[in-house]
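I opened the notebook to look up charge pairs first, then surface and pocket. My entries follow in the order I made them.

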Amino acid sequence: MKAFLAVLALFCLASGISGISIVSKSEWGGRAATSKSYLAKGLGYVVIHHSAGAYCNTKATCSAQMRNMQDYHMNSLGWADIGYNYGIGADGNIYEGRGAGVMGAHATNWNSKSYGIMFIGNYNDYTPTATQVSKAKELIAWLVSQGYVASNYTLYGHRQVGSTECPGNKLYAEIKKWSNWKA
């Protein structure tokens with residue numbers, strides 16, 4: 001029995017199964033990136049964004065919003081993929097964007113040293129749900145546990161690293177309460 005559990009544990013590690021549930025890009029109907037640049041391990045920053053677009057609270061509507069953002073980023077802006085590493089829907093799901101280890105296009109001059117996590121919707125209009133907040137924190141904890149983000153990382157809202165109102169006033173007020181947020 002011990003041998004079976006050891007093999008199962010190795011399989012889970014090799015497969016990336018670690019208890020966090022992420023809706024894959026293929027599950028939400030995303031396209032493959034046209035190119036990728038990779039990030040170093042142990043990054044020191046996480047930047048929180050909002051999409052400033054439509055709010056979603058079902059997997060179908062959140063998937064549609066992820067596709068819309070990817071289409072805009074790739075077709076209109078000429079980027080290689082959706083700009084964010086991950087999205088958080090009000091349906092309680094984490095959506096894969098560029099994913100872990102891949103450089104995003106979410107904050108000028110910060111892409112090579114941070115992960116971009118975006119809440120789907122306009123958080124000047126909406127308050128993030130407790131589930132969204134929990135999922136974002138779970139995602140960050142997973143990024144830390146996997147070595148992608150340093151345990152002493154700094155959390156910023158996009159407005160702190162760029163000239164924007166992102167991540168919206170209501171989401172910004174929320175993240176200011178998180179332990180790794182810095183003024």
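**Entry: salt bridges**

I started with Arg-31 and Asp-71, whose side chains meet in a salt bridge at 3.1 Å, N to O. The term means a side-chain nitrogen of Lys or Arg within 4 Å of a carboxyl oxygen of Asp or Glu. Arg-31 lies in the loop between β1 and β2 and Asp-71 in helix α2, so the pair ties together parts that are 40 residues apart in sequence. Arg-31 is partly exposed, with a relative accessible area of 32%. Asp-71 is partly exposed, also listed with 32%. Here buried is under 20% relative accessible area, exposed is over 50%, and partly exposed is in between (1.4 Å probe, protein chains only).

I noted the ground rules. This is a predicted model, where local features need pLDDT of at least 70, side-chain atom pairs count only at pLDDT 80 or more, and totals for chains, interfaces and linings use all residues. Residues are numbered from 1 along each chain as its sequence is written, and side-chain values use heavy atoms, with hydrogens and water left out.

Next I checked Glu-27 and Lys-59, whose side chains form a salt bridge at 3.6 Å, N to O. This pair links distant parts of the chain, 32 residues apart: Glu-27 is in the loop between β1 (22–23) and β2, Lys-59 in helix α2. Glu-27 is partly exposed at 47% relative accessible area. Lys-59 is partly exposed at 40%.

Then I took Glu-138, which forms a salt bridge with Lys-135, the closest N and O atoms being 3.6 Å apart. Both sit in helix α3 (residues 130–145), three residues apart, which means about one helical turn between them. Glu-138 is partly exposed, at 28%. I counted up: five salt bridges.

**Entry: the chain as a whole**

I listed five helices and six strands. The cut-offs are DSSP runs, H or I of at least four residues for helices and E of at least two for strands, numbered from the N terminus. From that end the elements run α-β-β-α-β-β-β-α-β-α-α. Of the 183 residues, 46% count as buried.

**Entry: the loop between α2 and β3**

I found Leu-77 in the loop between α2 and β3 (86–88). Leu-77 is partly exposed, with a relative accessible area of 37%. Ala-80 is in the loop between α2 and β3 as well, but Ala-80 is buried, at 14%.

**Entry: the largest pocket**

Which residues lie nearest the centre of the largest pocket? I noted His-49, Trp-79, Tyr-84, His-106 and His-158, from a lining of 19 residues. The volume is about 280 Å³. A pocket is an open set of points on a 1 Å grid over the protein atoms alone, where a 1.4 Å probe fits, with protein on both sides within 12 Å along at least five of seven lines; lining residues have an atom within 4 Å of a point. Volume is the space filled by probe spheres set on the points, which are joined across faces, edges and corners.

I checked which elements contribute. β2 (43–50) and α2 (59–76) each supply at least two lining residues. α2 gives the most, with three.
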